[in-house]
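Open your viewer and get ready to click along. We will go from stop to stop, and at each one you will hear what to select.

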Amino acid sequence: MAYDVEMIRQVYERYPERIAQARKLLGRPMTLSEKILYSHLSGDLPNEPFKRGDSYVNFSPDRVAMQDATAQMAVLQFMQAGKDQVSVPSTVHCDHLILAKEGAKEDLTKAEQNNKEVYDFLASASKKYGIGFWKPGAGIIHQVVLENYAFPGGMMIGTDSHTPNAGGMGMVAIGVGGADAVDVMAGLPWELKFPKLIGVKLTGKLSGWTSPKDVILKVAGILSVKGGTGAIVEYFGPGAESISGTGKGTICNMGAEIGATTSTFPFDESMKKYLKATGRTDVAEMASKIEEHLRPDAEVMENPEAYYDQIIEINLSELEPHINGPFTPDLATPVSQFGKVAKENGWPLKMEVGLIGSCTNSSYEDISRAASVAKQALDKDLKVKAEFTVTPGSEQVRYTVDRDGYLDTFEKIGGVVLANACGPCIGQWARHNAEDLDENSIMTSFNRNFSKRNDGNPKTHGFVASPEIVTAFSIAGTLDFNPATDYLENAKGEKVKLDEPTGDDLPAKGFDVKDPGFIPPSSENKNVDVVVKPDSERLQLLTPFEPWDGENLTGMKLLIKAKGKCTTDHISMAGPWLRFRGHLDNISNNMLIGGVNYFNERTNAVKNQLTGEIGEVPATARDYKAKGIGSVIVGDENYGEGSSREHAAMEPRHLGVRVVLVRSFARIHETNLKKQGMLALTFDNPADYDKVQEDDTIDVLKLTEFAPGSSLIVVLHHADGTTDEIVANHTYNEAQIEWFKAGSCLNFIKENQ
Ligand code: SF4
């Protein structure tokens, strides 16, 4: 049993009282999201209701899940907290580092060799700290979570953007950066801006070629890639009840593509069925006992406009299959229009590869429906025109669909079954003729289709659709096709038409698996050594940052005055640098290489005040650090926007930057800087940004009186001997000031065990 039934029991025991208190506070009926959020507050209820889209709130999530790329730095940081074990149930999933090339077996063997040190590190750290470990090949994080851990009314965070997949089981599941995971694993509250709520009322029933994927493809078309930002998308209505549990997962998964904080569904029969089918009858029964708390209140359903910030209504009976793309997941085209639109836009009509599966769409229902289409190619003598790959989401799904003959069907039409891993979805795809490819089209049942996402080729037009639609288009080999109406010519020269897909939401013979690839957490292994080779280029144990010496910061050199937009990608670039995510010193060589230097408008070219020469940002910072001189980053508006990547805060700290002084911060990055023991300051007068000169030596004064709400003084010593004294503000509270004093939040936690 992978899940923690006692934890779930405790969550459910709290529910009735917490909901009653919250309903009293709000003075009105509650939506499902509000029930989950108010039941997971860290600490007591506030005196007045939180303001959606405004109040910052501390929560206590029930679980943490981490994928192997992001888990490396999260676990390395957790090791700094001085804890014996994680404070909440947590898991690591080895899914992102497996390159898809030959097929499941060969690719997995290669990955185990190439990533051995990363896997050994994650396995040993998981063992030591009581973290559940899902080995390479066990499956993709979100599918494994849905099968094993997701439970109605629960709240979890995961270090991956598609964590909301668990909303299919009625959770509030949110994708975060590694630093957030560390907080929760170390027993700290987790902060989130109270989300706005978008209600999606589903009526009617899916039929024919239409599938749950088409609901989210349609919603993405309506809301666009930014339309869900800062909001939870809550689905409800009779149509919602008609969708399978895994179908709900697909819809929630791809809510990430509209920027939503997460998406969720009310508890219903489909969830009960899925929980039981995946061996969690006890959870289904416990949830049933409090089911009125795991749905929106009846009054909310009667008049949803009064309770959600925005309402969308979709009639599933009228919904057509959609195909979204290319290059963006919100460009939604109904299948009946798709051929015409493709021709009008000059998209390459020949479909080269169809890829089904992934964490988004590899449920039993997905695979059985896609296989029913694939089988028709065999039965009707159709030659499959495109290449075809299948990525199962978990070993349990793979084993079951193999047992039931579906993988055999795919292989008979020329399909290649890939490892139970992310593979082509995250660009881990050695597409065999990638170099020679000019403009070309592929169609996937994945979620993201930004340029270069799948094969690194900007000329590849990536389209997203349901697995059954991808399979049908793979048979047709052209974008100019509508399986509902068009005929294909078979090997005998006959005109044949594909029948509508059929399938089962759950296996009639039940799920089965021989080796799920799971090492359960245990509290018995605290003495295990965590394996990190001293000469590794991919992993490096962290050294605690130095505590503050109690003095004002003086004599620091300006490292860079960044001009305009400076996102976490500019501060800590992704791409090839992902390889070094577990090695702070190596990844620090990308620090701010994307930021534009105000003084010469160039990137990665700043003046080294000690030599007078222009050098790369990381090298210049290293030079100051080597000589015992602190440095300062100056930035513009909304500095650090983008992701919650903690590397963007750790790298400057590692390279000796003491202060980041900007016109304004993106809040998550500001908090991350505080957690790493940095001084994150804003100009009291934004125009003072203009006073910073290239050769400035900088002091921060009044630090000895550092207190919430108090301003600090920054002195700019210019090269011509003049000085400017300016006021700088901060948003540190008492606790965060303690982090600064200790050198980092983790140092503080360790000191206060
Ligand atoms: Fe992310 Fe794709 Fe992996 Fe899912 S399959 S976790 S979307 S990379």
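Here is a short tour of a few places in this model, which is a predicted one.

**Stop 1: around the ligand.** Select the ligand and the 13 residues around it; S358, C359, C422, C425 and I426 come nearest. Now colour by domain. Domain 1 (5–41 + 56–318) and domain 2 (322–496) each give at least three residues to the shell.

**Stop 2: the largest nonpolar core.** In soluble globular proteins, nonpolar side chains tend to be buried together. Here, the largest nonpolar core has 223 residues. Which of its members touch the most others? Select L122, V632 and L661 to see them. Stay with V632 for a moment: beyond its neighbours within four places in sequence, its contacts are M556, L558, L559, V657, R658, V659, L661 and I698.

**Stop 3: an annotated stretch.** Next, select residues 556–685. An unreviewed UniProt entry annotates them as "domain: Aconitase A/isopropylmalate dehydratase small subunit swivel". This stretch is 27% helix and 20% strand, with its end C-alpha atoms 21 Å apart.

Stop 4: Find helix α21 (residues 617–626) and pick out D623. Is D623 buried or exposed? D623 counts as buried because it has 20 C-beta neighbours inside 10 Å. Leaving out residues up to four places away in sequence, D623 touches N608 and L610. To finish, draw a distance from D623 to I737: their C-alpha atoms are 28 Å apart, and the two residues are 114 residues apart along the chain.

Definitions and conventions: Residues are numbered from 1 along each chain as its sequence is written. This is a predicted model: local features need pLDDT of at least 70, side-chain atom pairs count only at pLDDT 80 or more; totals for chains, interfaces and linings use all residues. A residue is near a molecule or strand if its C-beta atom, placed from the backbone, lies within 6 Å of it. Domain bounds come from an automatic or database domain assignment. A nonpolar core is a set of buried Ala, Val, Leu, Ile, Met, Phe, Trp, Tyr and Cys residues joined through C-beta atoms within 7 Å. A residue is buried if 20 or more other C-beta atoms lie within 10 Å of its own, exposed if 12 or fewer, and partly exposed in between; C-beta atoms are placed from the backbone. Two residues are in contact if their C-beta atoms, placed from the backbone, lie within 7 Å. UniProt positions are given in the numbering used here, feature names are shortened, and annotations may be inferred rather than shown by experiment. Helices (H or I, at least four residues) and strands (E, at least two) are DSSP runs, numbered from the N terminus.
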